[in-house]
Amino acid sequence: MCLRDGYMGVSIFLFFLADVLKKKISKAQASEELEQDVEVDEEFDSSESEDESEDEGISFEVKPKSDEGKRGQKRKSNGVNENDEDDGDEDIEDEEDGKDDDDVIDIEFGLYDPKESDYFSVKNLLKNYCDETVDGELFALNELCDMIVNQVSVGAMIKAEGSEEDPLGFLTVLSVHHHKDSKCLKQLRHWLLQNCKDSDKKKQLEKLFNDTNKGLGLVLQDRLINVPQQIVPHLHQALHDDIEWAKENEESPELKKSFECENFILVGRCFQTDSDGKLKKVSKKKKKAVDESQQAFYRFEEEFYRNESLLSYSFASKQNESHSESEQMPQSRCVMVFSKAKFLQVVKELKDLLEEDT
C-alpha cells in the first residue's frame with residue numbers, strides 16, 4: 001500500500017477519537033467541579049457519542065519537557081512556549097467563558113522526565129512490543145520497564161495536565177552495549193536475529209551488536225492512539241537534545257560514552273492490509289513472508305525512519321489472543337537501523353509534514 005495512505009488512515013482515526021474525547025469531557029463537567037483536571041483514558045464507550053452535543057471543540061497545547069532533577073532547569077524545545085506553567089485553574093475555562101468560545105476545552109500535553117511511578121503505564125504500553133516468550137522463556141518486560149523509568153537523563157513521558165498524571169506515551173533510547181548483560185537485551189538480540197531470514201542483513205546486525213566501539217541505541221516508544229500527532233516532532237527533537245545533554249553531563253565517563261551512538265535500532269509495530277488498503281483478518285494458515293508493500297505502521301513516524309534506514313527487514317509476529325487488537329488483524333514487526341544523521345533528518349521531515357497539514 002502507499003505509505004502516505006497508511007499515515008492518512010491513522011490520522012483520520014486520531015481525529016475520530018479526539019471527537020469522542022471532547023464529548024466525554026463535556027459530560028463529566030456537568031457533574032464535577034469546573035476546576036478538576038481532565039483525565040485522558042485509552043478506551044472510550046462509543047455509545048456515549050450518540051447522546052452528546054456536536055457543537056464543541058478541543059484544542060491541544062504542547063508543553064516542553066521539564067528538566068528537573070539532574071538537569072535542574074527547563075530547556076526550551078522548538079515551537080513550544082517555555083514559560084507555560086501547569087496551572088489547574090487555567091487549564092479549563094469556566095462555564096460562561098466556555099459558552100462564549102463554543103465550549104472549547106484546552107488540554108495541555110507536556111513532555112516530562114521519566115520517574116518510577118510511570119512504571120505500570122510504560123509496562124502497559126509495551127505489552128505488545130515483543131513476543132511473550134523468547135527462546136522458551138518469558139520476555140523480561142519488567143526489567144526493560146525498570147530501565148526506562150530509572151533513566152532520567154534521556155527519555156520523555158507524554159502527559160496531560162501535569163507531571164503527576166499517568167503517561168499517555170513515551171520515547172527513549174537505551175544503550176545496547178551499556179545494558180548488554182541484562183536479560184531483556186539478550187532476549188531482544190536473540191529475537192531480532194532469529195527473525196532475520198536474510199543472511200547478509202543478519203551478519204550486519206550481528207556486527208552492530210558486537211562492535212562496542214560504535215555506540216548502538218535502542219529506540220523504544222509507544223503512545224495511546226488519541227495523543228495528538230502535533231507532539232511527535234517535539235518528542236523526537238527532545239530525545240535528540242537529551243542524548244546530546246547526556247554526552248556532556250552524565251555522572252560518569254562510562255555513561256557519557258554510552259550515549260555516543262553512531263546508529264540506532266528501532267522495532268516498529270505494524271499491521272497488514274490487502275491491496276485495497278483494507279485490514280486483513282488473522283489467518284490460521286501457515287505464516288507467509290511479510291509483504292512490506294501492504295504494511296502499515298501504528299506510529300506513522302516509524303515509516304519515515306524505515307525510509308531512511310541503512311538496514312531494515314520485517315517479520316510476522318505471534319498473535320496474542322489476550323490483546324484485542326491482535327484478534328482481527330495480522331501483526332508484524334519492522335526492524336530498522338538508521339544513523340544519527342538520518343535521525344535528525346527524520347525529525348526535520350516530521351516538522352515539515354505537520355506544517356503542511358496545518
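Is Lys180 buried, partly exposed or exposed?

Modeller: Lys180 counts as partly exposed, because its relative accessibility is 46%; buried means under 20% relative accessible area, exposed over 50%, and partly exposed in between, with a 1.4 Å probe and protein chains only. This is a predicted model, in which local features need pLDDT of at least 70 and side-chain atom pairs count only at pLDDT 80 or more, whereas totals for chains, interfaces and linings use all residues. Residues are numbered from 1 along each chain as its sequence is written, and side-chain values use heavy atoms, with hydrogens and water left out.

Lys180 forms a salt bridge with Asp181, and their closest N and O atoms are 3.7 Å apart. A salt bridge here is a side-chain nitrogen of Lys or Arg within 4 Å of a carboxyl oxygen of Asp or Glu. Asp181 is exposed, at 58% relative accessible area. Over the whole structure, the search finds 11 salt bridges.

A second pair joins Arg299 to Asp222 at 2.8 Å, N to O. This pair links distant parts of the chain, 77 residues apart: Arg299 lies in the loop between β9 (295–297) and α10 (301–307), and Asp222 in strand β7 (residues 215–223). Helices (H or I, at least four residues) and strands (E, at least two) are DSSP runs numbered from the N terminus. Both Arg299 and Asp222 are buried.

Glu244 and Lys247 are both in α8 (residues 232–249), three residues apart, or about one turn of the helix, and their side chains form a salt bridge at 3.2 Å, N to O. Glu244 is partly exposed, with 27% relative accessibility. Elsewhere, salt bridges with shared partners join Asp222, Arg269 and Arg299 into one network.

Asp222, Arg269 and Arg299 are among the residues that line the largest cavity, as are Tyr129, Tyr298 and Glu302. A cavity is a set of points on a 1 Å grid over the protein atoms alone where a 1.4 Å probe fits but cannot get out, and lining residues have an atom within 4 Å of a point. The elements giving two or more residues to this lining are β7 and β8 (261–272), and β8 supplies the largest share, three residues.

How values were computed. On a 1 Å grid over the protein atoms alone, a cavity is a set of points where a 1.4 Å probe fits but cannot get out, and a pocket is an open set with protein on both sides within 12 Å along at least five of seven lines; lining residues have an atom within 4 Å of a point.
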